[in-house]
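Let's take a walk through this structure together. Keep the sequence and the 3D view at hand as you read.

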Amino acid sequence: MIKIAPSILSADFANLERDIQKVSSADCLHVDVMDGAFVPNITLGVPVLKSIRRCTGMFLDVHLMVDKPARYVEAFARAGADMLSVHLEADHPTRILEALHTMEANGVKKAAALRPITKAEAILPYIEGLDMVLVMTVEPGFGGQAFMESQLDTIRQVRAIIDKYNPACELEVDGGISPKTAPLVVEAGANVLVAGSAVYGADDIPAAIAALRG
Ligand code: DX5
Ligand code: ZN
């Protein structure tokens, strides 16, 4: 089954509760945390996640685009994240493993994220302990960018690794997902689609979510 994860990066942050309710027909809510160092943009942190947790029962898929994410895993877990994604480029492998162990200890689902420059094989040391792999289909940092078609190969390679070592693991794609690109990533093996502008830019949001699901 294909899951749709609307990204609140494209929502109105002054009306977040209203905009979260608008996507209640989706499967989970994608929350983009950016620190101004790992990526040039700055978005939101632990206090905002805590407030989001209070106003929705949706599954919270929190994408940490921050340097040295192990420092923040426990705080985001306590704030109500259901799943945390850490970027493999954001720290040394031992510290990434530490971040994943902290997620496990705090009862949060574990995901590893790959920038477009990172090869699929980079997930091999972690794959057996992961609940999800997130393949970026744009350079992380901003919503509304063009889908990178060259990432279809990475999606296919990650799908092959998942099928071989951990078939229960989900494969999420993030960036430039629209009704036009969704069938391409699904065909390549993705099963969780993040969408910001394609959802929040639509006049009929439930219809946009249904269209992405295919
Ligand atoms: C980008 C974020 C994405 C972003 C996607 O760095 O990780 O989640 O919100 O936005 P769209 O769907 O507009 O490309
Ligand atoms: Zn994201």
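What follows starts with the ligand and its surroundings and then turns to a few single residues.

First, some housekeeping: this is a predicted model, so local features need pLDDT of at least 70, side-chain atom pairs count only at pLDDT 80 or more, and totals for chains, interfaces and linings use all residues. Residues are numbered from 1 along each chain as its sequence is written, chains are lettered from A and ligands numbered from 1 in the order in which they are written, and side-chain values use heavy atoms, with hydrogens and water left out.

Now to ligand 1. It has 20 residues around it, the closest being Asp32, Gly141, Asp174, Gly196 and Ser197; a residue counts here if one of its heavy atoms lies within 4 Å. By class, this shell holds 8 nonpolar, 10 polar and 2 charged residues. For that tally, Ala, Val, Leu, Ile, Met, Phe, Trp, Tyr, Cys and Pro are nonpolar, Asp, Glu, Lys and Arg are charged, and the others, Gly among them, are polar.

Have a look at the oxygen atoms of the ligand. An oxygen of ligand 1 is 2.8 Å from a polar backbone atom of Gly176.

Which elements give two or more residues to the shell around ligand 1? They are β2 (29-34), β3 (60-65) and β8 (192-195), and β2 gives the most, with 3 residues. Strands here are DSSP runs of E with at least two residues, helices runs of H or I with at least four, numbered from the N terminus.

On to some single residues. A polar atom of the Thr56 side chain lies 2.9 Å from the backbone nitrogen of Met58. Thr56 counts as buried because its relative accessibility is 13%, and buried means under 20%, exposed over 50% and partly exposed in between (1.4 Å probe, protein chains only).

In the loop between β3 and α3 (73-79) sits Lys68. Lys68 isn't a glycine, yet it has a positive phi of about 45 degrees. Its relative accessible area is 40%, so Lys68 is partly exposed.

Last stop: Thr154, in helix α5 (residues 151-165). At 9% relative accessible area, Thr154 is buried.

Technical notes
A polar contact is a pair of N or O atoms within 3.5 Å; within protein, one must be able to donate a hydrogen and the other to accept it, and residues adjacent in sequence count only if both atoms are side-chain atoms.
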